[in-house]
Amino acid sequence: MKTLYFEEVEEGDELPPIDLLLTKAFVRTYARTAGMDFPRFTDDEGARQEGLPGMIAPGVLSMGLLARLIGEWNQAAQITRIGTTFRSPVLPDCAIHLLGFVTQKDAEQHTAECDIWMENDDGERWVIGTASVRLPTQDS
Amino acid sequence: MALEFDRSILGQVFDETDFPPVEKADLLQFADALGETNPLYTDETVAANGPYGGLVAAPTYVTRLRPKKMTPEHMPRFGKVGFDGGRDVEIFAPVRPGDRLKMVSTIHDIYEKTGRSGSMYFIVLRNEITNQDGQQVAIVDHRIMQR
Amino acid sequence: MARVIDLHLHSEASDDSRAPVEAYLKWLARKRDERPLDGIVLTEHRQFDTWSDYRALEDKYGLLILKASEVETEYGHVLVYGVNDAMLRRFDFSNVRLRAQELIDEVARLGGVAMPCHPGRPTIGLIEHYENRPPLEGVVGVEALNGGSKKGENERVAALIDTYGYHAFGGSDAHLVSFVGICATEFEKDITNTGELVEALRTGGYRPVDFRVRRAPVQPAAGGA
């Protein structure tokens, strides 16, 4: 875990990627913990009955993982806004890659904007989003 | 060409839910389920010396709060199936153990576009969350896609 | 003067992007070695930006900035270059059920060019519709390389181009700042304004260029986290 001050963060910085094998067990545990214990998130057969190819990960799980990407880059980055678009269903068991960049800095507010997204091994971006973070400064 | 529906439903409160006090175990479980490693969400001792002076919820915890009525009674139906199109979360204050959260839900917007799976209608449900001090905690906009 | 131009991207004026135009320009300046672009064309969803004036930003960053639109038809999404008042009076760009043939004919008559984008994409791409309906008349080119495509979607376009003799161009379809310019179009002649862009797109002498850099494959360890 790392703390980065506003002064140490630059536009163009890459957030250290998180590469995960998103397992069905992990998705089920999340769904149950988050009160989303529905067939489409827990059970292949149940999901197929809803017209899906198999069980899918809840969008908010993808969003939670992208928030984690921010926190692992900089534990002191306080997320003030995070927005994600779920472009494709995320079907476990699959390898996913959580990636991002710092794209803008605001020197008056001590904030930064980040691009964040989840892609698969083929570089298909399944979830895209942005986050605004507030950063500590060295003199505060 | 604007989509036709009764615009008076926009902004009308369709649900108010008071949640039981947030339990520390619940926050820890939620962070664990995401594989969180940030000690501000996972380690009470470290968090006590951190910027919040105590354990707080992982940022997307507010997305797990569900209104009693998931959707308004008179929600327009534009399609047979609904999918989660996306979320936009604005965070104003952290969620802490013991917080008594309240959520007020409205239909914020409805619009149409076409995508990979055909004509898509987006219904944006807005959930505004406050705590026991009346402090604004978060606004969660939930884009439900119908087709 | 511009030869390499990203012909398809969305700024914060589109409902599903939060990228400010200047952030795109700064990113291109930063990535100059990797993505040597001379200009961008903003193609906002279902609307045309008549109000923004980018001349100061063009000077500051030394990049050409033009405006166009991405609209929706029964044959999929179509990029409209050379949008003018007459076109905006003729069509409601926010209508997601525009008639493609009428759009192509009328845009051409009114001085622009309408070009189908991401033709290999399900439902909103041309190829799927060509399987069930007659081909459109007057299409001069299609977006053969789209930076937001899934595996196979760009690859499907080659056969379409072979069959119909369309010109091919490329665009990033960026909705996020860091994706600007990952795909673009290289012109044989310099483009300095919308009129020249429309003329070039109609007559040919351009090709898609791919600046995507693939990340080295990573095999994550088993387990969810």
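In this predicted model, chain A meets chain C through 24 residues of chain A that are in contact with 21 residues of chain C. Several elements of chain A each supply at least two residues of that side, namely strand S1 (14-22), helix H1 (24-33), strand S2 (78-86), strand S3 (94-106), strand S4 (111-119) and strand S5 (125-134). The largest share, five residues, comes from S3(A), and the residues of the side of chain A that touches chain C divide into nine nonpolar, nine polar and six charged.

The pairing of S1(A) with S3(A) is antiparallel and extends over seven bridges; in S3(A), Phe101(A) is the bridge partner of Glu14(A).

Turning to chain C, helix H4 (residues 100-109) has as its buried residues Ala100(C), Leu103(C), Ile104(C) and Val107(C). Because these residues cover an arc of only 95 degrees around the axis, they lie on the same side of H4(C). What covers the buried residues of H4(C) includes strand S3 (64-73), strand S4 (76-81), helix H3 (85-90) and strand S5 (113-116) of chain C. After H4(C) comes Gly111(C), which has a positive phi, near 100 degrees.

Notes: Residues are numbered from 1 along each chain as its sequence is written. Chains are lettered from A and ligands numbered from 1 in the order in which they are written. This is a predicted model: local features need pLDDT of at least 70, side-chain atom pairs count only at pLDDT 80 or more; totals for chains, interfaces and linings use all residues. Two residues are in contact if their C-beta atoms, placed from the backbone, lie within 7 Å. Helices (H or I, at least four residues) and strands (E, at least two) are DSSP runs, numbered from the N terminus. Ala, Val, Leu, Ile, Met, Phe, Trp, Tyr, Cys and Pro count as nonpolar, Asp, Glu, Lys and Arg as charged, and the others, Gly among them, as polar. Two strands pair if DSSP finds at least two bridges between them. A residue is buried if 20 or more other C-beta atoms lie within 10 Å of its own, exposed if 12 or fewer, and partly exposed in between; C-beta atoms are placed from the backbone. The arc is that of the directions from the helix axis to the C-beta atoms.
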